Amino acid sequence: MLTNKRILLIIGGGIAAFKSLDLIRRLRERGANVTVCMTTAAMQFVTPLSAASLSGNQVYSDLFSLTDEAAMGHIQLSRAADLLVVAPATADLMSKMANGIANDLASTLLLATDKKTLVAPAMNVRMWTHPATARNVTQLRKDGVLFVGPDDGEMACGEYGPGRMAEPLEIVDAVEAALFPQISEQFLTGKRVVITSGPTHEPIDPVRYIANRSSGRQGHALATAAKDAGAEVILISGPVNIPDPAGLETIKVETAEQMQAAVEAALPADVFISAAAVADWRVDIQASQKVKKSCDGPPALVLVENPDILATVASRTFERPRLVIGFAAETEKVIEYGQAKLVRKCCDMIVANDVSPGSGVMGGLENSVHLITASAVESLPQQSKGAVAIAIIERCGAMLEERRS
Ligand code: CTP
């Protein structure tokens with residue numbers, strides 16, 4: 001989930017700092033690149049050497065370090081990150097953040113940033129409930145700072161109550177939520193959405209198949225976004241190596257013909273989104289045993305065309321979904337070919353994207369798409385597939401609303 005995301009982790013001086021070492025590991029397990037900055041107080045609890053070994057990166061702590069400043073200035077350190085995480089966030093650090101004080105490297109990075117900041121407070125229960133801390137928390141929330149925890153529990157000092165730093169995995173969840181914003185309005189409540197995702201595998205014999213590079217990430221992200229918008233979602237997925245999205249039904253298929261049967265069974269629906277990279281052809285006669293090499297040379301594979309699931313659904317005269325959305329995977333003339341597919345496949349919208357090898361889209365984490373309708377073309381910036389999914393689902397909501405009024 002966090003592949004290629006750069007996290008600047010600021011470790012404050014509290015006993016919970018030992019949990020931040022585990023946090024580094026957890027973030028890295030998910031693919032994040034973690035750079036650590038430690039306050040002077042933090043170094044009383046954990047060592048820079050531990051943080052450097054676990055993060056695999058240099059650890060920063062000194063605002064006036066000639067060598068660090070020459071290698072990477074503090075402004076750059078703060079800007080190069082996708083997200084700043086303060087864990088543990090002590091009362092002192094939060095007070096500096098709320099008041100714009102920058103008198104050490106950590107507080108300077110926090111003031112110099114133009115990125116989102118997530119804080120995981122950790123302190124004694126009385127410090128947490130003190131009006132001064134409460135004021136600072138209110139100010140920070142107003143400034144757009146995100147919070148995770150603190151949790152209730154027994155403190156290192158023996159007292160009990162709110163003030164324990166959130167567990168590393170809770171913080172990781174909050175990091176993911178901060179980096180991949182989710183839909184919060186339930187504008188698809190009561191709607192049924194059927195989505196196809198991933199590649200299809202077309203068998204040649206019991207051990208070989210024809211496939212493509214689709215990872216299923218875009219289709220799966222669409223399913224999650226539609227579910228977050230309140231829809232009942234049926235996801236029909238070809239073979240992928242990513243987990244099933246939580247909280248919705250995933251039907252697994254292998255071939256285009258199986259995918260078509262699953263789609264027909266899942267309809268009627270309000271919205272159909274065809275994000276799968278369906279194989280255009282299958283082998284006419286699948287060998288029942290493994291095809292062996294022979295001295296006659298390689299076998300000739302006879303291909304036949306697969307059903308076009310999207311076109312079939314879009315041209316239904318009975319119970320056609322109110323919105324039928326297709327993708328156009330192109331390697332050239334992306335908008336032109338996308339517009340042609342909109343007409344040819346009778347869709348309400350085509351999401352056209354450039355899948356040429358240099359784009360990194362097929363199998364990658366990001367996408368840059370053009371939303372093509374009969375009346376307009378809207379080009380979205382390159383962004384995560386999760387963010388693209390949210391934009392498409394929001395557009396679905398708007399189109400359904402337009403059709404209703
Ligand atoms: N599609 C489908 N069934 C197929 C082939 C494609 O449902 N047998 C859908 C895809 O899910 C996508 C859209 O049609 O939403 C366009 O797919 P794409 O691969 O871009 O185009 P093709 O129709 O295969 O045409 P071409 O290969 O000529 O670009």
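**Pockets, ligand and a few local details**

Reply: By class, the lining of the largest pocket is made up of 20 nonpolar, 17 polar and ten charged residues. Please keep in mind throughout that this is a predicted model.

Me: OK, and how many residues line that largest pocket, and which lie nearest its centre?

Reply: There are 47 lining residues in the largest pocket, and those nearest its centre are A276, A277, V278, A329 and M362. The space in this largest pocket comes to about 1,200 Å³.

Me: Which elements supply at least two residues of that lining?

Reply: The helices α10 (217-228), α12 and α13 (334-344) each do so, and so do the strands β16 (303-305), β17 and β18 (349-354). The element that gives the most to the lining of the largest pocket is β17, with four residues.

Me: Where's the ligand in all this?

Reply: The space that the ligand takes is the largest pocket. Around the ligand there are 14 residues, and the closest of them are S274, A276, F327, K341 and K345.

Me: Which polar atoms of the protein lie by the ligand's oxygen atoms?

Reply: A polar side-chain atom of D280 lies 2.8 Å from an oxygen atom of the ligand. From the backbone, a polar atom of F327 is 2.8 Å from an oxygen atom of the ligand.

Me: What about a nitrogen atom of the ligand?

Reply: A nitrogen atom of the ligand is 2.9 Å from a polar backbone atom of P307. As for cover, the ligand has 570 Å² of accessible area on its own, and the protein covers 79% of that area.

Me: Switching over, what's the volume of the second largest pocket?

Reply: The volume of the second largest pocket is about 940 Å³. Its lining has 31 residues, of which M1, F180, R217, A221 and G386 lie nearest the centre. Two or more residues of this lining come from each of α9 (168-179), α10 and α14 (385-404).

Me: Which of those gives the most?

Reply: For the lining of the second largest pocket that is α10, with seven residues. The helix α10 also supplies at least two residues of the lining of the largest pocket. By class, the lining of the second largest pocket has 14 nonpolar, seven polar and ten charged residues.

Me: How many cavities of 30 Å³ or more are there?

Reply: The count comes to one cavity of 30 Å³ or more, and the largest cavity has a volume of about 40 Å³. The residues that line the largest cavity are Y60, D62, D68, E69, M72, G73, H74, L77 and L105. Within that lining, α3 (66-71) and α4 (74-79) each supply at least two residues, and the classes divide into four nonpolar, two polar and three charged.

Me: Another topic: where does D104 lie?

Reply: D104 lies in the loop between α5 (91-99) and α6 (105-112). Its side chain makes a polar contact with the side chain of K96 at 3.4 Å, and the side chain of D104 also makes a polar contact with the side chain of S107 at 2.5 Å.

Me: Which peptide bonds are cis?

Reply: A cis peptide bond joins A87 and P88, with omega about -5°, and P88 lies in strand β4 (residues 83-89). The peptide bond from G149 to P150 is cis as well, with omega near 5°, and P150 is placed in the loop between β6 (146-147) and β7 (151-154).

Me: Last one, what is the phi of N4?

Reply: N4 has a positive phi of about 70° although it is not a glycine, and N4 lies in the segment before β1 (6-11).

Methods
Residues numbered from 1 in each chain as written. Predicted model: local features only at pLDDT ≥ 70, side-chain atom pairs only at ≥ 80, totals over all residues. Heavy atoms only, no water. Near = heavy atom within 4 Å. Polar contact = N/O pair within 3.5 Å; in protein donor to acceptor, adjacent residues only side chain to side chain. Areas by Shrake-Rupley, 256 points an atom, 1.4 Å probe, with all protein chains shown as cover. 1 Å grid on protein atoms, 1.4 Å probe; cavity = no way out; pocket = protein on both sides within 12 Å on 5 of 7 lines; lining within 4 Å. Sits in = over half its atoms within 2 Å of the grid points. Points joined across faces, edges and corners; volume = space filled by probe spheres on them. Nonpolar A, V, L, I, M, F, W, Y, C, P; charged D, E, K, R; others polar.
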